[in-house]
Structure formats: structure tokens, C-alpha cells
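Subject: Structure for your records, with findings

Dear colleague,

Please find below the sequence and the structure that I am handing over to you. I would be grateful if you kept them in view while reading the notes that come after.

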Amino acid sequence: MACGSCHLMNGEGHPESATTSGFTVDYFVQQMNDFRSGARNVLPMSILIKTVPELKGDQNIRNLASYFSEQKLKRGKTAGGAAATKPHRHSVSVVTARPGPP
Ligand code: HEC
């Protein structure tokens with residue numbers, strides 16, 4: 001799946017690319033809507049939301065949301081955790097140094 005290269009398939013994420021698991025479904029859906037609307041403008045997600053088939057359509061996003069909400073973190077911490085109200089951020093300079101999406 002397209003997300004695993006940056007977030008790993010269990011959603012744990014690399015240090016520079018945010019944890020995607022441990023969120024509630026609602027939080028995840030909200031982030032995706034914000035990426036799409038531009039309310040949250042962060043590369044590469046703002047581009048991926050428009051180009052990756054898995055991120056097209058509300059049903060697909062719901063499926064992803066429930067997938068990631070069920071993944072258990074090995075590190076035992078939820079960086080953005082279910083209780084989080086704000087997204088955590090990383091420096092964009094690290095992000096832009098990465099090669100593009102697969
Ligand atoms: C090219 C690397 C890359 C790919 C591929 C990618 N992401 Fe991301 N994603 C990131 C980065 C980097 C961030 C962190 C943005 C920030 O620092 O605010 C992020 C943030 C997120 C967030 C928000 C996390 C938070 O803390 O609020 C979610 C949710 C997310 N990605 C889901 C996905 C999904 C689902 C896919 C697959 C369709 C995907 N990502 C593919 C790099 C990627």
C-alpha cells in the first residue's frame with residue numbers, strides 16, 4: 001500500500017514521517033479532509049491526497065482510518081494518540097529531502 005513506505009505498514013512511521021496509528025477514526029478522517037481542503041498544508045500529504053487512489057473518496061479514507069486505528073504501536077507510545085487534539089509536526093526540511101512517493 002502506498003502509505004507504508006513512509007509510515008510503515010503498521011503506521012508506526014519513521015522519525016520524520018509521523019505516526020499514523022493509534023488515532024481515532026474521526027481524527028484520521030479529519031486530517032485527510034484538512035489535507036484535501038488545504039487547511040493543513042504539508043508535503044507530501046497535500047499532494048498525495050490528490051494523487052494516491054487509496055485516498056480518493058470518503059469510503060476509501062474510512063477504510064484506511066479503521067485500518068490504522070487498529071494497528072498497535074510497538075514503541076508503546078502514540079505520538080498523535082487517540083487523545084491528541086493537535087497533530088504533531090516535524091521539520092519540513094527533513095521531509096523535502098526525501099525522494100518522492102513510490
Ligand atoms: C512520501 C512519504 C509519505 C507517504 C507515501 C505518505 N505519507 Fe502520510 N505523512 C508524511 C509526512 C512527512 C507526514 C507528517 C507531516 C507533518 O509533519 O505534519 C505525514 C502525515 C500523515 C498523517 C497525519 C499524522 C498526524 O500527526 O496528524 C496521516 C494521517 C497520514 N500521513 C496518512 C497517510 C496515508 C493514509 C498514506 C497513504 C495513502 C500516507 N500518509 C502516505 C509522509 C508520507
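The notes below go from the overall fold to the helix packing, the core and a few individual residues.

Please bear in mind that this is a predicted model.

Overall fold

The protein contains five helices and zero strands. Read from the N terminus, the order of its elements is α-α-α-α-α. The protein has 102 residues, of which 22% count as buried.

Packing of α2 and α4

Two packed helices are described by the angle between their axes and the distance between the axes. Helix α2 covers residues 25–37 and helix α4 covers residues 58–70; their axes are 9 Å apart and form an angle of about 135°. Angles over 145 degrees count as roughly antiparallel and those from 65 to 115 as roughly perpendicular, and α2 and α4 are therefore oblique to each other. The crossing of α2 past α4 is right-handed. On the α2 side, the contact is formed by V25, F28, V29 and M32, while α4 brings I61, R62, A65, S66, F68 and S69. By type, the residues of this contact comprise seven nonpolar, two polar and one charged.

In soluble globular proteins, nonpolar side chains tend to be buried together. In this model, the largest nonpolar core consists of 10 residues, namely F23, F28, M32, F35, M45, I49, I61, L64, A65 and F68. Helices α2, α3 (45–51) and α4 each contribute at least two residues to this core. The greatest contribution is that of α4, with four residues.

L64 is one of the core residues, and its position is in helix α4. Is L64 buried or exposed? A residue is buried if 20 or more other C-beta atoms lie within 10 Å of its own; L64 has 21 other C-beta atoms within 10 Å and is therefore buried. L64 and V25 are 39 residues apart in sequence, and their C-alpha atoms are 8.7 Å apart in space. V25 is also one of the α2 residues in the contact with α4.

From α2 to α3

The loop between α2 and α3 contains P44. The peptide bond from L43 to P44 is cis, with omega near 0°.

S46 is located in helix α3. Because S46 has 15 other C-beta atoms within 10 Å, it is partly exposed. Leaving aside residues up to four places away in sequence, S46 touches F35, G38 and N41. Of these, F35 is listed in the largest nonpolar core. S46 and D34 are 12 residues apart in sequence, with 8.7 Å from C-alpha to C-alpha.

From α3 to α4

V52 is situated in the loop between α3 and α4. V52 counts as partly exposed because it has 16 C-beta neighbours inside 10 Å. Which distance separates V52 and C3 in space, C-alpha to C-alpha? The two residues, V52 and C3, are 49 residues apart in sequence and 9.2 Å apart in space by that criterion.

With kind regards

Notes
Residues numbered from 1 in each chain as written. Predicted model: local features only at pLDDT ≥ 70, side-chain atom pairs only at ≥ 80, totals over all residues. Buried ≥ 20, exposed ≤ 12 C-beta atoms within 10 Å, placed from the backbone. Axes fitted to C-alpha atoms, helices over the stretch in contact; angles between N-to-C directions. Parallel < 35°, antiparallel > 145°, perpendicular 65-115°, else oblique. Left-handed = near helix turned anticlockwise from the far one by under 90°. Contact = placed C-beta atoms within 7 Å. Nonpolar A, V, L, I, M, F, W, Y, C, P; charged D, E, K, R; others polar. Core = buried A, V, L, I, M, F, W, Y, C linked by C-beta atoms within 7 Å.
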